[in-house]
Every structure is written in structure tokens, then in C-alpha cells.
Amino acid sequence: MAILTLQRDDCVLKQYAVGPLMTIGRLPDNTVVIDNPAVSSHHACVFRAGAAFIVEDLQSTNGTFVNDKRVTRETLHDGDVVLVGKHRLVFDEQAAGESTGRDAELPASSQGDTVYLKGPENQRLLAVVLNAEARAHTAPAATAAQGKLGVLRLVSGRADQTEYALTGHTSLIGRSQSTLIRLKGWFTPRVAVAITRNQLGYVATRLGGKMLVNSQPMTGRHDLKDGDVLEVGGLTLVFSFKQ
Amino acid sequence: MRPEQGLFVVCDGMGGCPAGEIASQLAVTAMLQALDAGRETAASHSVDEPGFLPQTIRLAEAVRQSNRFIYSRGQRDPNQAGMGTTVVSTWIAEQIASIAHVGDSRAYLWHSDRLEPLTRDHSLVEAGVQAGLLDREASLGAPQQNVLVRVLGREPDVDVDLSEVPVQAGDYLLLCSDGLTRMVPEQTLAQAVFQLRDAQRICDYLVDAANRNGGADNITVIVVEVAGTWWKQASNRWRRRLFRRADGDPHLAA
């Protein structure tokens with residue numbers, strides 16, 4: 001467990017177990033609160049990147065120093081001293097002891113009260129997070145279906161169009177007015193099927209009445225694949241991804 | 001809550017700020033007013049939210065109006081300056097649940113024996129998880145659980161996250177404040193639904209569990225049990241619709 005020890009004039013003020021993301025600053029919503037005019041409201045933050053911990057200055061007025069060198073972003077090593085105003089934070093990478101005392105060391109404000117981080121501080125902290133994202137992650141492997149537009153093509157039955165593009169987050173098939181594909185008939189459910197679009201593709205959910213997917217009765221959800229045949233309310237529709 | 005309309009809202013006023021309690025009350029009132037008033041004008045807003053159903057667009061507009069309302073109240077009255085609240089709301093019509101949320105109150109759907117999160121917190125910690133900085137488990141212990149990057153009532157305009165999900169008989173929708181989710185892990189939420197299968201008992205159990213785990217914050221839970229297919233709906237659409245609120249230690253509560 002890594003620990004930051006807050007000191008002023010060689011006096012130990014407090015110890016903090018280093019969490020995945022902690023902020024240092026003057027305002028009470030920080031993890032490490034240093035109520036001193038030399039410290040900016042959100043002065044710096046320390047976050048974990050893999051096995052390492054990194055300190056980043058949040059464009060503070062007086063700067064953040066590691067071992068007396070001014071830094072914007074620096075990986076912390078055992079024994080490093082982070083200087084914020086006149087306060088020193090000593091980084092101890094392999095501190096002995098159990099992590100159990102940790103909650104007691106957190107400032108009271110982080111326990112229950114919800115706070116809103118607004119304005120420039122918010123932007124800066126988010127920027128840190130997003131920067132890290134850019135560094136840590138290469139783009140996740142896209143599946144073939146990702147982002148592709150799905151269409152339902154009418155094979156048999158009577159409807160007002162021969163092809164329906166599934167552009168919405170939810171496309172409905174049924175008797176109701178808000179449906180994309182309108183079904184007729186007294187015993188037709190208001191909404192027979194909902195097709196929802198997500199990052200990975202399309203999911204069909206049967207909501208009422210009888211429905212077949214590839215000639216099999218469908219009850220729950222079904223992830224739509226190229227060429228799936230849907231039979232509902234007297235219509236036969238084929239699902240495909242648009243090239 | 002307006003169960004007869006399929007409308008359910010949880011708002012959690014911000015602790016540590018003045019008038020958090022008032023903000024959450026105002027948010028609900030303003031939302032309901034906006035939805036009532038919006039009946040005629042619903043279509044006019046469909047441009048801002050392409051691809052969503054009309055009901056979802058109306059719900060989003062109600063949340064935005066609620067935000068403007070709280071913001072302007074906060075600007076006028078110094079005693080209420082800086083008030084804010086989270087909101088998670090669901091509106092179920094024709095078996096589609098529209099969900100609109102801002103902040104860290106959450107919605108889950110229990111569907112075919114699985115609990116699916118329907119919302120993502122607007123918190124610094126969640127942003128960290130999304131960025132790959134924190135893993136989900138570490139985020140649970142992160143000290144900055146409480147730092148929100150989006151709330152209702154603090155800025156003149158707010159982005160509202162929207163989603164739509166079809167619901168079937170046997171599904172459960174769960175709306176809750178962070179007072180529950182910070183104290184009770186998701187496995188426990190799932191277990192409660194799986195074993196109890198009754199909205200009231202799930203609510204009671206979860207509030208108790210949160211308090212047993214040292215619940216220090218307000219806890220609000222709504223469990224909606226989806227019953228019946230289209231032909232049953234008229235007589236018995238919601239077998240149970242329940243709302244329960246429990247206040248924890250007054251020294252720590254909002």
C-alpha cells in the first residue's frame with residue numbers, strides 16, 4: 001500500500017492511503033485538504049496508472065514540485081517529496097500496515113455529502129481523466145456490427161414501405177401511432193416488437209402477440225444478425241446491416 | 001411518483017449544500033408540472049433529441065425545465081443559492097421504459113435473471129472508470145465517490161442522459177439514490193430481486209441492508225414490478241408500486 005504523509009515544517013500532519021484518484025487543494029471537497037492561501041482550490045491530483053502513481057498539477061497558481069523540480073506531470077517514486085505551497089507530501093510506496101485504517105483518514109466530506117464540482121476545476125480534473133484515457137487505451141476493438149445502420153426489408157405482407165431504416169434508439173412494430181412499422185388488425189398488439197439499438201448492434205424484444213424469428217417462436221430478447229427473418233402481424237421482414 | 005401514468009422519479013438533494021432537501025422537492029414538482037403542461041407541445045421539441053421516442057423527448061424536456069426552475073430559484077433566493085439535486089426518472093408507456101438521469105442516482109433493470117445498469121453516474125469516479133483509470137472494484141472504495149460532474153440546478157442548462165429499454169412481464173425496474181448503491185453492492189441488489197420477487201419486500205430488504213452497512217445518507221428506493229402482457233395491462237398493470245424512504249443518522253444526512 002502506498003501512503004502520502006502530509007508535513008509542514010517537518011511536522012507530520014496527516015497520513016493518507018493513496019487511492020486510485022485523489023486531489024490536493026484548499027477546498028474541502030479535496031481528498032487532501034490544505035487550508036492555506038498558497039494552495040489553489042484544486043491544486044494537484046495523484047492518480048494510479050497501472051502499477052504506478054502519477055502526480056499532476058492542475059494549473060495551480062504556485063505550482064507543484066517533486067523533489068524541488070516544478071512539474072506538470074510526474075511519476076512518483078518511493079521517497080519522492082511533493083511540494084504544494086509550503087506543505088510537503090512524502091510518497092511512501094511500500095508502507096507497512098493494513099489498509100483498514102484508511103477510511104478513518106479520509107476527510108469527513110468524502111463520506112456522505114455529495115458535492116458538485118463545477119467550472120474550471122471540473123474541466124481540469126476531467127481533462128486529467130480524459131488525457132489518461134488517451135494514454136492508457138488504444139481504441140477498443142470494434143465489432144463488425146458497430147455503428148452500422150440496420151434495415152428491415154419487407155418480404156411479404158402489406159405495409160406502407162418496402163424497407164425501414166432502424167435509425168432510432170428504439171424502433172417499434174405494432175398498431176400504436178408511435179411505431180415505425182404499423183400493423184393493422186383488431187387483435188394486433190399496440191406494440192408487438194421493440195428493436196433497440198446499442199453500441200454493438202440491434203436487439204429485438206417481443207412485447208405482445210406472436211412473433212417468429214427464423215421460424216422459431218420468440219419470447220425474450222434476440223440479438224439481430226444479418227439475414228434474420230422476422231414474422232409478425234402478417235408481415236415477413238428480413239434484417240440486414242446496410243453496407 | 002405517478003404509478004397510474006407509469007412515471008417514477010427519484011431525486012436526491014445535495015448534502016452539504018443549503019436547501020438540498022428543497023431542491024429535490026422542487027425538482028420533482030417542476031418535472032410533473034412540465035410533463036402535465038407539455039402534453040400539447042410535446043412535438044415541438046423533437047428536434048433536439050433525434051432518434052428517441054416522443055415520450056423520451058418529453059421526459060428529457062421535463063428534466064431540463066426542472067433544471068431551469070431550480071437554477072432560477074437558486075439565483076433569486078440567497079438562502080437557496082447553490083442548491084442542487086440528482087434525478088433519475090423513468091416513464092413506462094406501451095412497454096417501453098424511457099429513462100432520463102443527471103447525477104449519481106441510478107436505474108437498473110432486472111431482466112431474465114440479470115441486473116442491468118441503465119444509467120452511468122455523472123461522477124468523477126465513473127469518469128475515471130470509463131477512462132480506464134480505475135477498475136470497477138477499486139472505484140467502490142475511491143474517496144471521490146461523492147464528487148459529481150453534473151447535477152440539476154447548478155447551471156442554467158444541463159445535459160440529460162437518455163435511454164430506452166423494452167420491459168416485459170417479470171422484469172423489475174429499480175430506481176435508487178446513492179445512499180443505497182454506496183452501501184449495498186450490485187450483487188446484493190440482484191440477489192434481493194432474485195429471492196424476494198416482491199416489490200415491497202425488495203424495498204424493505206434493501207433499505208435495511210443499506211442501514212446495516214452503516215448507511216449514512218438518505219436512502220430512496222423505488223421498485224417497479226412489471227406484470228402482465230398487453231391484454232392484462234388494463235386491469236393489473238403494476239402489481240405493486242412502492243416508494244420507501246428512510247433517513248439515516250441525522251448528523252450525516254442531507
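1. Two strands are taken to pair if DSSP finds at least two bridges between them, while helices (H or I, at least four residues) and strands (E, at least two) are DSSP runs numbered from the N terminus. This is a predicted model, in which local features need pLDDT of at least 70 and side-chain atom pairs count only at pLDDT 80 or more, whereas totals for chains, interfaces and linings use all residues. Residues are numbered from 1 along each chain as its sequence is written, and chains are lettered from A and ligands numbered from 1 in the order in which they are written.

2. In chain A, strand E1 (residues 3–8) and strand E2 (residues 11–17) pair in the antiparallel sense, over six bridges. Within this pairing A:Gln7 has A:Val12 of E2(A) as its bridge partner. The hairpin of E1(A) and E2(A) has two residues between the strands, and A:Asp9 takes a positive phi near 50° there.

3. Chain A also holds an open sheet of five strands with mixed pairing, in the order E4-E3-E5-E6-E9. Strand E4 (32–33) and strand E9 (73–75) of chain A stand at the edges, and each has a single partner strand, so one side of each is left without a neighbour in the sheet. Strand E3 (residues 21–25) of chain A pairs with E4(A) in the parallel sense over two bridges, and A:Gly25 stands opposite A:Val33 of E4(A).

4. In chain B, helix H6 (residues 186–196) and helix H7 (residues 199–212) pack at an angle of about 145° with their axes 9 Å apart, where axes are lines fitted to C-alpha atoms, for helices over the stretch in contact, and angles run from 0 to 180 degrees between N-to-C directions. Residues making the contact include B:Leu189, B:Ala192 and B:Val193 of H6(B) and B:Ile202, B:Tyr205 and B:Leu206 of H7(B), contact meaning that C-beta atoms, placed from the backbone, lie within 7 Å.

5. The buried residues of H6(B) are B:Leu189, B:Ala192 and B:Val193 (buried: 20 or more other C-beta atoms within 10 Å of the residue's own; exposed: 12 or fewer; partly exposed: in between; C-beta atoms are placed from the backbone). Seen down the axis of H6(B), these buried residues fall within an arc of 90°, so they line one face of the helix; the arc is that of the directions from the helix axis to the C-beta atoms. On the other side of H6(B), B:Gln187 and B:Gln195 are exposed.

6. The buried residues of H6(B) pack against strand E4 (106–111), strand E5 (114–117), strand E8 (172–176) and H7 of chain B. Just after H6(B), B:Arg197 takes a positive phi of about 55°.

Key. Two residues are in contact if their C-beta atoms, placed from the backbone, lie within 7 Å.
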